[in-house]
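Work through the exercises below with the sequence and the structure open. Try each task before reading its solution.

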Amino acid sequence: MDFQLTEDQRALKAGLRELLEGRFDGAALRDAVVDSGAPSLDRALWRELGDAGFFSLRVPEEEGGVGLGLPEAVLVFEEAGRALLPGPLVATFLAAGDVTGAAQGATVVTAVSGGLDGGLVPWLDEADVVHGDVSGAVPLRSVDPLTPLHRVPGACEGPAAGEADLLIAAEQLGSAGRTCEMAVRYARERTQFGQPIGAFQAVKHLCAQMLVRTEVARAAVYAASITGDGTDITAAKLLADEAAVRGARDCLQVHGGMGFTWEADVHLHLKRAWVRAGLGQSAARAEEELAAAL
Amino acid sequence: MDLTYTQEEESFRAGLREWLSRTLPQLPPRPDPLDWPGRRAYDMGWQRRLYDAGYAGLHWPVDAGGRGATPTQHLIFLEETEKAGAPYVGANFVGLLHAGPTIASEGTPEQRARWLPPVLRGDEVWCQGFSEPDAGSDLASLRTRAWRDGDDYVVSGSKIWTSHAEVADWCELLVRTTPVSEDVPKHRGITWLAMPMDAPGITVRPLRTLAGSTEFAEVFLDEVRVPAANRVGAENDGWRVTMVTLSYERGTAFVGEVVACRRVLGDLAREARKNGRWDDAVLRRRLGRLSAEFGALWRLTQWNVSESQRSGSGVPGIGGSVFKLRYSHARQELYEAASEVLGPGALDLGHEWTLDRLSSLSYTIAAGTSQIQQNIVAERILGLPKGR
Ligand SMILES: Cc1cc2nc3c(=O)[nH]c(=O)nc-3n(C[C@H](O)[C@H](O)[C@H](O)COP(=O)(O)OP(=O)(O)OC[C@H]3O[C@@H](n4cnc5c(N)ncnc54)[C@H](O)[C@@H]3O)c2cc1C
């Protein structure tokens, strides 16, 4: 047993981080946030991701893909979540190999995510291919300025937790890690009462708990990517949702009044974390399933 | 990233399982929890069996009398012994889990030869004399004094919360060898000594815990003579040695317990299904979340073990603090949930879960409180500034 990243896995993660820093950095993130109207998808960036092998990561090499596995997929989705990369990444990724052009980032695929009182579809208007029944879909004024959402009426309880949930969990993990870093950086810089606010225990303890939630979620998400087991994925989504949502809230708190502004990126992480928690398996259902498995 | 065990690891597991299934039925009945001499005898008898079968000090270096096994084999050992319901390390806790490893890494060859084999054989019990009435979280402000007289240190002062002091043969003792002054900050004048518990001048006064047992004690030291040869590390270098001890204490001491908690969680679900409490969706969901929690804590354990195996340091990393923080709270949640499953039965001290609920309250205090662990995580992992 060697439950640590291999050299190749580290390099993969670092490579994507570098690509995203070059093409989707803080400035690009802010540019993507429009105050009114639905955001549009940056197709050029999608193609670039396609060229870099992002979407074809798990497509076998014989079929022109990269031929890697679920653990590697989770590592790159963690980076995507960290950068707050917008778009229906998960659905397109899972369609690569089946839907022409998805692997290259030329075709944008989205999917209905089921829930007991209706489903949600991200990026419906921008997608070229839609998986699931979207009849009667109505647009929402999405809470996340970077994720347009439609609501589909009628109960359409999706299948048990699967790879989509795990990839969403990986994005949540990336976001949780990022908000922890943001909080720590701000806590070291911002001074009040003549010292950095990070020297105050109330702030320190918020940060420490952010790290603890992130590391616990990381262990669960990485392990589930190796076992591929449904129960493991269910647990991983539950813990990663918590790490991302609470992490963003605590990060906002550490930023004080600044955290409540549109200018700080914190709210973007929080809103996206809410959306991701609303897509895929809900906490209630996850907890029930885990209990049933006891 | 790989969670599969190698063939070698699996055959180690199989051999251990086979030995456990043969050996456990031969054990004498467990003694009454309040019978300390009985508990000592029972725990050490179990240690002796482990020793004879070659399972003692698995992950200790060979030149310290250990088996030099990999951290992963040690993990398998803890997992399998817990699954099989084998006795817990019990009275041997300090010797096996932190005094021993500290001596193995910091002691001289003579010290290792003197102290380690009896720990592994189950002949000698250790206790930890760190905390004092006025130095708990602020451990470095300890005041127990030691001064040199010929070949001995002479020690006076008092210790508190010393677990198993009543039945211990040795104490890993922290003393102040140089008084605090402008030139000597409080962390500098500390020395780590191995004190024989039968030396004249030692008085042990048991303290009663909220669970009703006497598992810890006050220890009064009145001019106790400890040979200078019993000093581990240099004089006044005890704080550094202590950090080694604490990293063991926080790093690996809880591994087997995670397995135990997962077993208890399964028992809770069974009991709730039987007594009708399972119909309560709030309770069900609470148990479901705890299942995610303990599953992840097990994975975090595997992560930390793999990390220490990679680094080859043997000393558990600072990740131990992350683990301890989350685990100590999860364990308390587990027994809160147990009390819901039991209903009025939770008020019956005759129930094992009620006693465990009481003892779980110590987890966020002992071995460094949660507040202190959060400071450690924030300052040493996240690099936040120290407060004034
Ligand atoms: C069951 C049990 C077994 C033990 N066994 C041993 C043993 O064998 N040997 C041994 O040496 N010790 C032992 N201890 C002692 C243990 O290590 C101490 O109790 C612990 O370190 C806390 O110290 P204290 O009790 O003096 O509490 P205090 O330090 O007085 O703390 C009281 C409260 O103040 C908080 N606090 C203190 N300082 C800070 C700070 N800087 N920032 C924020 N909050 C702070 C604490 O978190 C706590 O909530 C044991 C304790 C227990 C409960």
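A residue counts as buried when its relative accessible area is under 20%, as exposed when over 50%, and as partly exposed in between. The model in these exercises is predicted.

**Exercise 1.** Decide whether Phe77(A) is buried or exposed. Then classify its ring pair with Phe93(A).

Solution. 
- Step 1: Phe77(A) has 0% relative accessibility, so it is buried.
- Step 2: Phe93(A) has a relative accessible area of 4% and is buried.
- Step 3: Turn to ring pairs; the structure holds 18 aromatic pairs over all chains.
- Step 4: For Phe77(A) and Phe93(A), the ring centres are 5.1 Å apart and the planes stand at 85°. Planes over 60 degrees apart count as edge-to-face, so this pair is edge-to-face.
- Step 5: Phe77(A) is in helix α4 (residues 70-83) of chain A and Phe93(A) in helix α5 (residues 89-95) of chain A, 16 residues apart.
- Step 6: Widen the view. Phe77(A) and Phe93(A) form one aromatic cluster with Trp46(A), Phe54(A) and Phe55(A).

**Exercise 2.** Classify the ring pair of Trp161(B) and Phe216(B).

Solution. 
- Step 1: The centres lie 5.4 Å apart, with the planes at 55°, so the pair is tilted.
- Step 2: Trp161(B) belongs to strand β3 (residues 152-163) of chain B, and Phe216(B) to strand β7 (residues 216-227) of chain B. The pair therefore ties together parts 55 residues apart in sequence.
- Step 3: Trp161(B) has 47% relative accessibility, so it counts as partly exposed.

**Exercise 3.** Find out how many disulfides the whole structure has. Then check Cys180(A) and Cys251(A).

Solution. 
- Step 1: A search over all chains gives 0 disulfides.
- Step 2: For Cys180(A), the nearest cysteine sulfur is that of Cys207(A), 6.4 Å away. A disulfide needs the sulfur atoms within 2.5 Å.
- Step 3: For Cys251(A), the closest cysteine sulfur is also in Cys207(A), at 8.3 Å, which is too far for a bond.
- Step 4: Check burial. Cys180(A) is buried at 4% relative accessibility, and Cys251(A) is buried at 0%.

**Exercise 4.** Describe the surroundings of Thr214(A).

Solution. 
- Step 1: Thr214(A) sits in helix α7 (residues 201-227) of chain A.
- Step 2: Its relative accessibility is 3%, so Thr214(A) is buried.
- Step 3: Set aside neighbours within four places in sequence. Thr214(A) then contacts Leu173(A), Ala176(A), Gly177(A) and Ala243(A).

**Exercise 5.** Which ring lies under the charged end of Arg148(B)?

Solution. 
- Step 1: The ring is that of Tyr153(B), with its centre 5.3 Å from the charged end.
- Step 2: Arg273(B) lies over the face of Trp278(B), 4.2 Å from the ring centre.

Methods. Residues are numbered from 1 along each chain as its sequence is written. Chains are lettered from A and ligands numbered from 1 in the order in which they are written. This is a predicted model: local features need pLDDT of at least 70, side-chain atom pairs count only at pLDDT 80 or more; totals for chains, interfaces and linings use all residues. Side-chain values use heavy atoms; hydrogens and water are left out. Helices (H or I, at least four residues) and strands (E, at least two) are DSSP runs, numbered from the N terminus. Buried means under 20% relative accessible area, exposed over 50%, partly exposed in between (1.4 Å probe, protein chains only). Contact means heavy atoms within 4.5 Å. Rings of Phe, Tyr and Trp (its six-membered ring) pair if their centres lie within 6.5 Å; planes under 30 degrees apart count as stacked, over 60 as edge-to-face and the rest as tilted. A charge sits over a ring if NZ of Lys or CZ of Arg is within 6 Å of the ring centre and within 35 degrees of the ring normal.
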